[in-house]
Amino acid sequence: MFPCKELFVFLRRERNMIGMEAMIKYRTHEEMLEKHIGKKGTPERDEYDEEVRRGVEKYRIGEAIKVTRKRQGLTQEELGERMGVQRAQVSKMENGKDIAYSTIMRAFRALGSDTAFIDLDKLGRVALW
């Protein structure tokens, strides 16, 4: 029936894959959150949403530090020297990990910022203090 055994095997495999795709149920992000964390308004979900919000906020602050550092032509190591910390600490801070308010202030003071806002172009302005 088929001129080539490989073609027959390929078509059979494709038919099986199409059948498998029909069996897969795709879920939205919200459906997955409700299934694994809880519906909106439950204590678990509220805690999760707050944790996500704080993580995004830390990331934005870290991004503000990175943008300002790069505008000034500094490396992470140079900023770390000005702050009195290792380059790895600057990297963590720029990636939104392990950011304390005092560290944020030290970073921006080391970058020469004495204003309460940093302009991030498309991202908008970030309030520092």
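Me: Which residues of H4 are buried?
Reply: Gln 76, Leu 79, Gly 80 and Met 83 are buried in H4.

Me: What puts them on the same side of H4?
Reply: They cover an arc of only 105 degrees around the axis, so they share one side of H4. The arc is taken from the directions that run from the helix axis to the C-beta atoms.

Me: What kind of model is this, and how are residues numbered?
Reply: This is a predicted model, where local features need pLDDT of at least 70, side-chain atom pairs count only at pLDDT 80 or more, and totals for chains, interfaces and linings use all residues. Residues are numbered from 1 along each chain as its sequence is written, and side-chain values use heavy atoms, leaving out hydrogens and water.

Me: Why is Gln 76 called buried?
Reply: Look at its relative accessibility. Gln 76 has 17%. Buried means under 20% relative accessible area, exposed means over 50%, and partly exposed lies in between (1.4 Å probe, protein chains only). So Gln 76 counts as buried.

Me: What is Val 56 called, and where is it?
Reply: Val 56 belongs to helix H3. Its relative accessible area is 38%, so Val 56 is partly exposed.

Me: What makes a run of residues a helix or a strand?
Reply: DSSP runs decide. A helix is a run of H or I with at least four residues, a strand is a run of E with at least two, and they are numbered from the N terminus. The protein chain has six helices and two strands. Their order from the N terminus is α-α-α-α-α-α-β-β.

Me: Which residues touch Gln 76?
Reply: Neighbours within four places in sequence are left aside. Gln 76 is then in contact (heavy atoms within 4.5 Å) with Arg 69, Arg 87, Val 90, Ser 91 and Glu 94.

Me: Why are H4 and H5 called roughly perpendicular?
Reply: H4 and H5 pack at an angle of about 105 degrees, with axes 8 Å apart. Axes are lines fitted to C-alpha atoms, for helices over the stretch in contact, and angles run from 0 to 180 degrees between N-to-C directions. Under 35 degrees counts as roughly parallel, over 145 as roughly antiparallel, 65 to 115 as roughly perpendicular, and the rest as oblique. Therefore H4 and H5 are roughly perpendicular. H4 brings Gln 76, Glu 77, Leu 79, Gly 80 and Met 83 to the contact, and H5 brings Arg 87, Val 90, Ser 91, Met 93 and Glu 94.

Me: Which residues of H5 are buried?
Reply: In H5 (residues 87-94), Val 90, Ser 91, Met 93 and Glu 94 are buried. They cover an arc of only 165 degrees around the axis, so they sit on the same side of H5. They pack against helix H3 (43-71), helix H4 (76-83) and helix H6 (101-110).

Me: What makes a group of residues a nonpolar core?
Reply: Such a core is a set of buried Ala, Val, Leu, Ile, Met, Phe, Trp, Tyr and Cys residues, joined through side-chain atoms within 4.5 Å. The largest one has 14 residues. Those with the most contacts inside it are Ile 65, Leu 79, Met 83, Met 93, Phe 108 and Leu 111. H3, H4, H5 and H6 each give two or more residues to this core. H6 gives the most, with four.
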